[in-house]
Structure formats: structure tokens, C-alpha cells
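Hi everyone, thanks for coming. Let's have the structure up on the screen before I start.

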Amino acid sequence: MNDDFHRIRRLPPYVFAHIDPIKAKARANGVDVIDLGMGNPDMPTPQHIVDKLNEAVKDPRTHRYSSSRGIPGLRKAQASYYGRRFGVKLNPDTQVVATLGSKEGFANMASAITAPGDVVMVPNPTYPIHSFGFIMSGGVVRSMPAEPNEDFMRALDRGVRHSIPKPIALVLNYPANPTAYTATLDFYKEVVAYCKAHNIYILSDLAYSEIYFDGEVPPSVLEVPGAIDITVEFTSMSKTYSMPGWRVGFAVGNEKLIAALARVKSYLDYGAFTPIQVAAAAALNGDDSVIAEVRQIYQARRDVMVESFARSGWNLPSPKATMFVWSPIPDQYAHLGSLEFAKLLIQETGVAVAPGVGFGEYGDQYVRLALVENEQRIRQAARSIKKFLAAAPTHGNVVPLAVNK
């Protein structure tokens, strides 16, 4: 019997699976691992959201099957949020679908619109589902630069002119995971104009819309007039409201694409547990001060990480948004590549980071650090890394450079 299934063959080994056993071994040996690798928010969900869940779950009517599109109150709450935050008017009945997190929504959208051999343009490096959702659906991925600048636009034009068949869709992700790049509304206007001219759909991942710093508020591509004609945007409550385990997200935008996603989902799930959806609606309709509080915590952690790591000898770029720092590997270890460097870092310091290669081949000289530990733990990580970097010539196969006297 052939166990080498077609879709599984198209998936590479999961890079992070190489890191997890090393973390587990370190913990088993008594090491206090400071895990900056996984973007798993550590803050509790705000109490009023938990209270609404507890209230709703006591009603036996909520124990029945829910709706794969999302209950009407939740879809209305998301439409209202888009109106307040972005000035975008959405019809909750035809332009909003609730998803089991943005990851599920993205994967099922890829399944809904992709035929075998279809070409999709995707940033590299990027969050893995942006590529592998299409690969699992039989599509072909053409890599794009991740930074939203003129190089991106030139690559977009090359992709359209030289891909056979012509690309069906373009993936956008700003603020970006893992790179933390942010996009301007002017950039979105240029992309929308190009994609409309060439009949290309836009799939925008806006999961980090509310995790921004220094007052630079990320826009939505749907703010561009006419963008909704070709665009669906995905958001998540995981980071905004510290609700990662609740698995609530949304797809909003073009009616044709939303209908395709809703049809696929109708065959696959009945939606999230109704009390979770009720609580999510209460979050969206509630006081935005809880969002500001989460944002302030991440900004304080970002500032502490950048400052303390600089004192350790590792100068990190300061991100404008997201809960991540995307940093080049320190020079003395650059030759190792991101996976081997991440392994060595755990073994020598007890600090875990995400190898950049896990987000695409063009991320191999970088690692991603998540702001998921408190400020004290971040400073502790910096102290361990300072010792590690100070002893750099003695580690692994690093050869000391000759010193001119």
C-alpha cells in the first residue's frame, strides 16, 4: 500500500519540529527555557469576554450546532468594527464570514478558489499558510519580495507578464508576520489599481491590525475605493483580544469570494461553539480600551527587548507593528543559517527563537523573536545571550578571525 500521499509529498518537513524536541530536552534537564519562538500570546483574555462566555454557556440552546458562517450577531459586530476602524461599510449577510481563526479561513479560501496548476503570488518570507494553503490545494506559488516598496511592484509586474498561466491571486500581509513590515494606503492604492487592471484577486492577512506602535496606525486595503471588487481580508481575535485558543477570525470583502468560502465551510464545519461566538461579539462591541492595553504591553516589551539585547551585543531592528522582532542572525553565527543557530541558542542559553527559514527560503539569515514573555524574562534572556555572544569564538565550528597586530 502506498503511504506517500500526494498532498503530503508537497509539504516540506516542518522546520519547527526540529526545535521542539530540543526545547523539551532542555526543560527535562531542568533548564528554564525562555520561549520567544512561538507567537502564542501569554496575556489572559479580558475578564468581561470570559464572563460573557460563562453567561452564554449556561443557556442550553447554545449547546446545539452553530452556523459555519458565524451567528448573525457576530457577523454584525465584525461589520461594525470595520466601519469604526477603517470607514469600510460591509454587509454582514454577504460580505462577512466568521472563521476558526484566520489560518483556517485562509486555507479554506485557497481550497475554494484554486484549481490544479493555478499560480498565486506570495511574499517570501511569510506566514506558512499563505503559501501552503495553495500548495495543498494543487496551486503553484511564485515568490514575491516581502517589503512593500518599488521592488515589490516590479516583481508583481514580472510575475504577471512571465507566469503561465497568469496568476489568479496575490497575497498581502501587512503588518507582516514574520518581518513586521507595514504598508501605507498609497502602497495599497498602487497594488489595487494594478490587480484590477489584470483581473487578479487580492487576499490580505490583517491579523496584526491592532498591534501597532508609536501611533502609526495600519490601514486596511479595503479602504481603497473599489478594492472590495477583488479583495478579501482576513482578521483574527487571537492577538487583538488575547484570544488565541478561542479560534475566532473573519474573512470580509468581495461577495463572490466570500460566498465561495462560505460554501466550502458549509461542507467542513458548523462554526465555533456558539458561546464562543457570543463572547467574541461582545468583545467587538465592547470598550476598545482593552485593545489599547494589549498594544501598550507589547510596545513596552518591544522597547525592553530592543534595548536589553543591544546591551547584550545583538542589535535588533525595532518593529513598527506586530508582536515580533525580525532580526538578522548575529554576524559571528550567520554562516550557520537560521535553523542551526536557533538550535545552538537553545542549547547554550535556554532562549528559543523561530528559525527564519521556517517562513521561506529567503528568511534563512534571520530569526523571529516573539514578544510573548514579560519584561523581566526578556531581560533575563538578554543577559544569557550576552554571555553567549561574548564567548562566540569558542562555540560550535566558529573559527576566530585573525587579529592584525
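This is a predicted model: local features need pLDDT of at least 70, side-chain atom pairs count only at pLDDT 80 or more; totals for chains, interfaces and linings use all residues.

Residues are numbered from 1 along each chain as its sequence is written, and side-chain values use heavy atoms, with hydrogens and water left out.

So, how do helix 2 and helix 12 pack? Helix 2 covers residues 16-28, helix 12 covers residues 337-349, and they pack at an angle of about 5° with their axes 10 Å apart. That makes helix 2 roughly parallel to helix 12 (the word is for angles under 35 degrees). On the helix 2 side, H18, I19, I22, K23 and A26 meet L339, A342, K343, I346 and Q347 of helix 12, where contact means heavy atoms within 4.5 Å.

Next, helix 3, residues 47-57. Which of its residues are buried? They are I49, L53 and A56, and buried means under 20% relative accessible area, while exposed means over 50%. Looking down the axis of helix 3, the buried residues fall within an arc of 70°, so they line one face. Those buried residues pack against helix 10 (274-285). Over on the other side of helix 3, Q47 and E55 are exposed.

Last one: L389, in helix 13 (residues 375-390). L389 is buried, at 9% relative accessible area. Leaving out residues up to four places away in sequence, L389 touches S312, G313, W314, P330, Q332 and Y333. Take W314: L389 and W314 are 75 residues apart in sequence, yet 8.2 Å apart in space, C-alpha to C-alpha.

How values were computed:
Axes are lines fitted to C-alpha atoms, for helices over the stretch in contact, and angles run from 0 to 180 degrees between N-to-C directions. Helices (H or I, at least four residues) and strands (E, at least two) are DSSP runs, numbered from the N terminus. Angles under 35 degrees count as roughly parallel, over 145 as roughly antiparallel, 65 to 115 as roughly perpendicular and the rest as oblique. Buried means under 20% relative accessible area, exposed over 50%, partly exposed in between (1.4 Å probe, protein chains only). The arc is that of the directions from the helix axis to the C-beta atoms.
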